Amino acid sequence: MRILGLTCDDAGDMSEMPNAGNAPYPRLGRPVEGRLVAGVAQGAAAQLRLDPVVLRLAFVLLTIVNGVGVVAYAALWMFTPSLPHTGRRPTRDWGEAAAYGAIGLALAAFTMLTGASTGGFGTWAIAAIGIGALVLWQQADTARRQRWMSGAVRQVRRTWVRTGFGLLLVVVGATGFLAASGELAEARQGLVFTGVVVGGIAVIAAPWITVLVKELQNERRERIRQEERAEVAAHVHDSVLHTLTLIQRSAHDPREVLRLARSQERELRNWLYQPKADADATVAAAVRRAAAEIEDEHGVPIEIVCVGDCDLEPGLNALVQAARQAMVNATKYSGAPVVSVYAEVEPDEVTVFVRDRGKGFDLDAVPPDRMGIRESIIGRMERNGGSARVRTAPGEGTEVMLTMKREGP
Amino acid sequence: MTTKVLIVDDHRLFRSGVRAELGPEIEVVGEAEDVDSAVAAIAELQPDVVLLDVHMPGGGGQEVLRRVLGQGSQVRFLALSVSDAAEDVIGVIRGGARGYVTKTISGRELTDAIVRVAEGDAVFSPRLAGFVLDAFASTEAPPIDPELDSLTQREREVLRLIARGYAYKEIAKELFISVKTVETHVSSVLRKLQLSNRHELSRWATARRLV
């Protein structure tokens, strides 16, 4: 018997549900979270598998048409138990509550003017519009609804939609008011007069306004340019000039000069050419950062080339760590003037090469207690499901190749 | 036979630095410091190779390429820049330069690169190789011209080795091919880079920077 009804009787029935034991469907209750008044609409909506917005609008609409909405709400409030809620009670979204209030008031004003509240022609119009809107809303799937909502929030469209909607409401309201009070005919003359005056002023002021707008735009552009210049100046001052001073001061130490110049060059390059990526977020950024730190520490330039990029998954983190160790080895022991690093991200795997043209070594002659290659590079890669290959010979330089499968697309 | 070179760069210090570093097989016939003087000097001195800076007053290296190659000149350009920006690198290559090296290159390597360009081959720095691999991998659009719009497996291998820091001789040893074959592959990649429209490479480079 009680399936979809929302009358007071049904509400009474539903309140008896807890006694039914194994209920065929979850019992009606009033959730605390997300409630606007007492959670009645939300609870009922959950029961009927509807959007709470629909029921809230229904209550508002019913209240306007003959006041039954308030009664129904109060009755449901009384007969439905509040659902248990642990933790702090969340605050209500008063903005949304106010919005429903505003809708109610606006509709009430409209119905009063058109006589819809007493069963006039206006009732049907409101009903038709309300039902139409609900049908549209319900037909759309969740994704589309979200798109509607997010679309409405988009900056430019939001302003235009809001302005247009507001304007429409004002015009409709004013016309409705005049029509209801029977003064539309008299007002027409005044309106024409006002229109002519406003139009005249617009024609006179238009050139002046255009110039003003253009000046404003120019001024804004100039200001943006100045801000940019100030930012560049600040950056150059903080980093480049500072480093140049340091270089002059440590002119006696070529190694330090090289280190300073190199680290400043890298910083400036990053600032100019690299996308502002979070160093912890992607493979390319992490490899670059590791190389930068080692370069600073050991004073040997590391040339990096990255092809493609992807997010830093746990396995790839190990890859970056192993590459880091390989770079440390190359800068510390090889004696090469420069180290090349090449990282390539492919759809299913990531490969990093660390190469130097230094003195190389005999891989079999490495004592077992030397942890650098065996543990930090090969062991680390194998533990994480990747592989490492070291190619070297005395006098031939060293190349470490690290490969790691990617977890997913 | 020495190779005649014109150095085009707006930094005097840099020009004299390059002049001092180049090997004996290079003869520097002149210098220019902006687009107009570069165009005039190329017409007058007829160098074999022009060492071209990317950023210069009056339109930069691309403007020089446009004006000189537009007149049907056969002079060869090697771009030399401190820039890391993909649109600069791809831009001068698309404009007709036969190679791109960064200013951190050693004097010996630069000398080799100039000789190579003078002989009609292409010169790719590791960074340029990386950009090219990126550009030819990053779009899924179907090729309009299959010959121009994709790299062969072998070309890809050669580019990867360049990106890893291998010299041509080392690449040849690694792939068991001759240095001449490596040069052929690189020249073929250069041709594709200059002629392919599929990837709209310069636009790719610009878009990439904004990402």
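Between the two chains, 12 residues of chain A are in contact with 12 residues of chain B, where contact means that the C-beta atoms, placed from the backbone, lie within 7 Å. This is a predicted model, in which local features need pLDDT of at least 70 and side-chain atom pairs count only at pLDDT 80 or more, while totals for chains, interfaces and linings use all residues. Residues are numbered from 1 along each chain as its sequence is written, and chains are lettered from A and ligands numbered from 1 in the order in which they are written.

On the side of chain A that touches chain B, at least two residues each come from α10 (254-273), β1 (302-307), β2 (339-345) and β3 (349-356) of chain A. Helices (H or I, at least four residues) and strands (E, at least two) are DSSP runs, numbered from the N terminus. β1(A) gives the largest share, four residues. By class, this side of chain A has seven nonpolar, two polar and three charged residues; Ala, Val, Leu, Ile, Met, Phe, Trp, Tyr, Cys and Pro count as nonpolar, Asp, Glu, Lys and Arg as charged, and the others, Gly among them, as polar.

Next, the sheet of chain A. Its five strands form an open, mixed sheet in the order β1-β2-β3-β5-β4; strands pair if DSSP finds at least two bridges between them. β1 and β4 (387-392) of chain A are the edge strands, each pairing on one side only. β4(A) and β5(A) (residues 398-405) run antiparallel, joined by six bridges, and Ala388(A) stands opposite Leu402(A) in β5(A). Helix α12 (residues 314-333) of chain A packs on this sheet, touching β1, β2, β3, β4 and β5 of chain A, and its direction makes about 5 degrees with that of β3(A). Such angles run from 0 to 180 degrees between N-to-C directions, with axes fitted to C-alpha atoms, for helices over the stretch in contact.

In chain B, six strands form an open parallel sheet in the order β2-β1-β3-β4-β5-β6. Which strands stand at its edges? They are β2 (26-32) and β6 (123-124) of chain B, each with a single partner strand, so one side of each is left without a neighbour in the sheet.

Finally, the axes of α4 (residues 86-95) and α6 (residues 126-137) of chain B come within 10 Å and cross at roughly 90 degrees. α4(B) and α6(B) are therefore roughly perpendicular, a term covering 65 to 115 degrees. The residues of this contact divide into six nonpolar, no polar and one charged.

Technical notes
Angles under 35 degrees count as roughly parallel, over 145 as roughly antiparallel, 65 to 115 as roughly perpendicular and the rest as oblique.
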